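User: I would like to learn how to read the local features of a model. Can we go through them one by one?

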Amino acid sequence: MKKALIVGINDYAPIGYGGPDLNGCVNDARDMANTLVICGFSPAKIKILTNQNATRANILNYLKSMISTSVKGDSLVFYYSGHGTRVANIGSDLELDGLDEVICPHDYANNGVIRDDDFKTVLSKLKSGVNMEVIFDCCYSGTGTRKMDLGLEADLLNETARYIPPMLEDEFYLTYASEMETSKNSKKSTVLTKALVPVTGMNHTLWAAAKDNQVSMEGNISGQIRGYFTYHFCKILRATNGNIVRKTLDKQVAIALAAMGAAQINQTESITAEFSQKIFT
C-alpha cells in the first residue's frame, strides 16, 4: 500500500496577515498530491495538512500514525513545504552539542519547531521492509540569506527564501558552525560537495531542496508562485509516472535547477543501494 502525508504552509500564526507568511507552499502541496496520484497513490491514502491545520501536534501525530500502521511492502511519503531554520542543540550540561535542522509548523512561535531529532525518533519506528521518502522544500541554514538579499539580480527580486531567521542565541552559534561541525563531523565536507550523500544505516531516503548551508527559494513560475525544487521534482515524476531510479531523479532535478539559475543545489541522502533503485519501491 502507498500512503502519504503532505504538509504545505503559507500562513503562519497568527491566522491571516501578520506572520512570516509564504506564497507557494500550498501550491506545492497540491502539485505533490496530484503527482503522487499519477505515481499510483490512492487519493484516499493521501493526508494533506495546510496552514492552520499544519500544527506541530498534527504533523507529528499523523506522521506517527502513518508509520505505526504501515507493514512490510508499504511505500510511504512525508512531504513538507514551508519555513525551515537551524537552532542550537544545548545539552543538559549547557554545552553546545551541534546544530539541529528544523521545520517550522504553523504554530511554531507558541508550540515550537520540529527538530531533526524529533524526526529521527519517529522514523526509528519504521518497520523493516517499509519504503519511505522524506521530501523537504525548505531552508536549513541562514548562511547565504543575507548575501542573497544583497546580491539579487533585478529579475529575481520577487524570490522569497523559505527561511526563519534564528534567535540571537542560535545565530551566535551559526556564525561558528562551519568550524565546530568540521571538527566534530568529517562528513560535512562530503555534504557540501556532492548531491548524492550515502549514509550508512539510514532507513529512509531524504530529498532536500537545498544543501544544509543553502536556502530554498520560491518564485513566479508561469504565473504561479512555486518552490523551485518541488516544481521540477513533480514535473519529472509526472513525466515518468514515477518510474525512475533515485539517482536519475536527483540528477535531473539538479540539472533543471541549474538551468533556471536557482541559487540552490538539491541533496539526496540514503544508503548507497537505494540510489540505484526506483523511487516509491
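**Reading the features**

Analyst: Phe78, Tyr80, Phe119 and Phe136 form one aromatic cluster. Keep in mind that this is a predicted model.

User: How many aromatic pairs does a search of the whole structure find?

Analyst: The search finds 8 aromatic pairs. One of them joins Tyr12 and Tyr108, with 5.9 Å centre to centre and 75° between the planes. Planes over 60 degrees apart count as edge-to-face, and the Tyr12 and Tyr108 pair is edge-to-face.

User: Which parts does the pair of Tyr12 and Tyr108 tie together?

Analyst: Tyr12 lies in the loop between strand 1 and helix 1, while Tyr108 lies in helix 3 (residues 108-111). The pair therefore ties together parts that are 96 residues apart in sequence.

User: Is Tyr12 buried or exposed?

Analyst: Buried means under 20% relative accessible area. Tyr12 has 0% relative accessibility, so Tyr12 counts as buried.

User: What is the geometry of the rings of Phe119 and Phe136?

Analyst: Their centres are 5.5 Å apart and their planes are at 50°, so this pair is tilted. Phe119 sits in helix 4 (residues 116-123) and Phe136 in strand 7 (residues 131-137). The two are 17 residues apart, and the pair links distant parts of the chain. Phe119 is buried, at a relative accessible area of 8%. Phe136 counts as buried too, at 7% relative accessibility.

User: Where does Asn241 lie, and what is its phi?

Analyst: Asn241 lies in the loop between helix 9 (228-240) and helix 10 (246-259). Its phi is positive, about 55°, although Asn241 is not a glycine.

User: What about Phe280: what is its phi, and is it buried or exposed?

Analyst: Phi of Phe280 is near 70°, a positive value in a residue other than glycine. Phe280 is in the segment after helix 11 (272-275). Phe280 is buried, with a relative accessible area of 5%.

User: On to cysteines. What is a disulfide, and how many does the structure hold?

Analyst: A disulfide is a covalent bond between the sulfur atoms of two cysteines. The structure holds 0 disulfides.

User: What do the totals for the protein say?

Analyst: The protein has 11 helices and 13 strands. Of its 281 residues, 51% are buried. Among contacts with a separation of 6 or more, 75% come from residues 24 or more positions apart. The accessible surface comes to about 13,000 Å², and 53% of that belongs to carbon and sulfur atoms.

How values were computed:
Residues are numbered from 1 along each chain as its sequence is written. This is a predicted model: local features need pLDDT of at least 70, side-chain atom pairs count only at pLDDT 80 or more; totals for chains, interfaces and linings use all residues. Side-chain values use heavy atoms; hydrogens and water are left out. Helices (H or I, at least four residues) and strands (E, at least two) are DSSP runs, numbered from the N terminus. Buried means under 20% relative accessible area, exposed over 50%, partly exposed in between (1.4 Å probe, protein chains only). Rings of Phe, Tyr and Trp (its six-membered ring) pair if their centres lie within 6.5 Å; planes under 30 degrees apart count as stacked, over 60 as edge-to-face and the rest as tilted. A disulfide is a pair of cysteine sulfur atoms within 2.5 Å. Contact means heavy atoms within 4.5 Å. Accessible areas come from the Shrake-Rupley method with a 1.4 Å probe; for residues, only the protein chains shown count as cover.
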